[in-house]
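Here is a friendly walk through one model, with the rule behind each term spelled out. Have a look first, then we can go through the questions.

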Amino acid sequence: PGCAVEVVDEIDSTNSELMRRARAGRTGRVLLVAREQTAGRGRLGRGWVSRAGESLTFSLGLKLAPADWSGLSLAVGVSLAESLHPQVGLKWPNDLWVADRKLGGILVETASFGEGAAAGRYAVVGVGINIAPRPETGLSTPPAALQDLDPAVTADTALQRLGAPLLAALEAFEAYGFTPFQARFNARDVLRDREVQLSDGTAGTAHGVSEAGALLVHTAAGMRTVTSSEVSVRPR
Ligand code: BTN
């Protein structure tokens, strides 16, 4: 997709690897794909489990210099959802959802490099997507899988579909920020008009995202602009 592609069988975490490289001064554009991760990381310090051959697991590393970083991970979600399938929705801030279950997640990290005029930031955009459905255990609702929507899809064909548009989306984000992604996010927003609860306990109705990618929630105390919180939704 317009950058070097590296595929490995096993690694601790594709994000951790590209962050290590960036700290060591290796800041080239690269797409690192792993069949398996032994220490996959999710947002908010959580883990992320991918299954060999049944998940798509990769990180894209590139230098980025947007005027404003807010909304980057949401823009990534928009691009992925649009490339994958019309029925892939977005749960703020950047989970991919299908029918109220999680299909995939995004973890964006950045590292600074260089000094003075040569200084900049390297972005590591990590993506994990469930491809094959997980066997039902009865213990908990299994997450969504891309094959629920498209039985013929594999990790390889999904990556072929989303790689180039993702790189293009990151370049568009660098040039124009989140603005061109706002309406596209809102068109796939699964929380829209639903009752949500914020991690501080506040309840309200979700009303899409702002131009900066904040979640707008109508609460008893008025409209709240949520920039960092966890949002849960009551099951339908
Ligand atoms: C989340 O939903 O909390 C984000 C999950 C992100 C998982 C991907 S898998 C590839 C990359 N490497 C990691 O360790 N994490 C991301």
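Q: What makes α3 a helix that lies across strands, and which strands are they?
A: α3 lies across β2 (30–37), β3 and β7, running at about 25 degrees to β3. Helices (H or I, at least four residues) and strands (E, at least two) are DSSP runs, numbered from the N terminus. Contact asks for C-beta atoms, placed from the backbone, within 7 Å. Angles run from 0 to 180 degrees between N-to-C directions, with axes fitted to C-alpha atoms, for helices over the stretch in contact. This is a predicted model: local features need pLDDT of at least 70, side-chain atom pairs count only at pLDDT 80 or more, and totals for chains, interfaces and linings use all residues. Residues are numbered from 1 along each chain as its sequence is written.

Q: Why are β1 and β4 said to stand at the edges?
A: The open sheet has seven strands in the order β1-β2-β3-β7-β6-β5-β4, with mixed pairing. β1 (4–11) and β4 (89–91) each have a single partner strand, so one side of each is left without a neighbour in the sheet. The twist averages 25 degrees from one strand to the next.

Q: How do you know that β4 and β5 pair?
A: Pairing needs at least two DSSP bridges, and β4 and β5 (residues 95–98) have three, in the antiparallel sense. Gly89 stands opposite Trp97 in β5.

Q: What makes a residue part of the shell around the ligand, and how many are there?
A: The C-beta atom, placed from the backbone, must lie within 6 Å of the molecule. There are 21 such residues, the closest being Ser13, Gly42, Gly105, Gly126 and Gly128.

How values were computed. Two residues are in contact if their C-beta atoms, placed from the backbone, lie within 7 Å.
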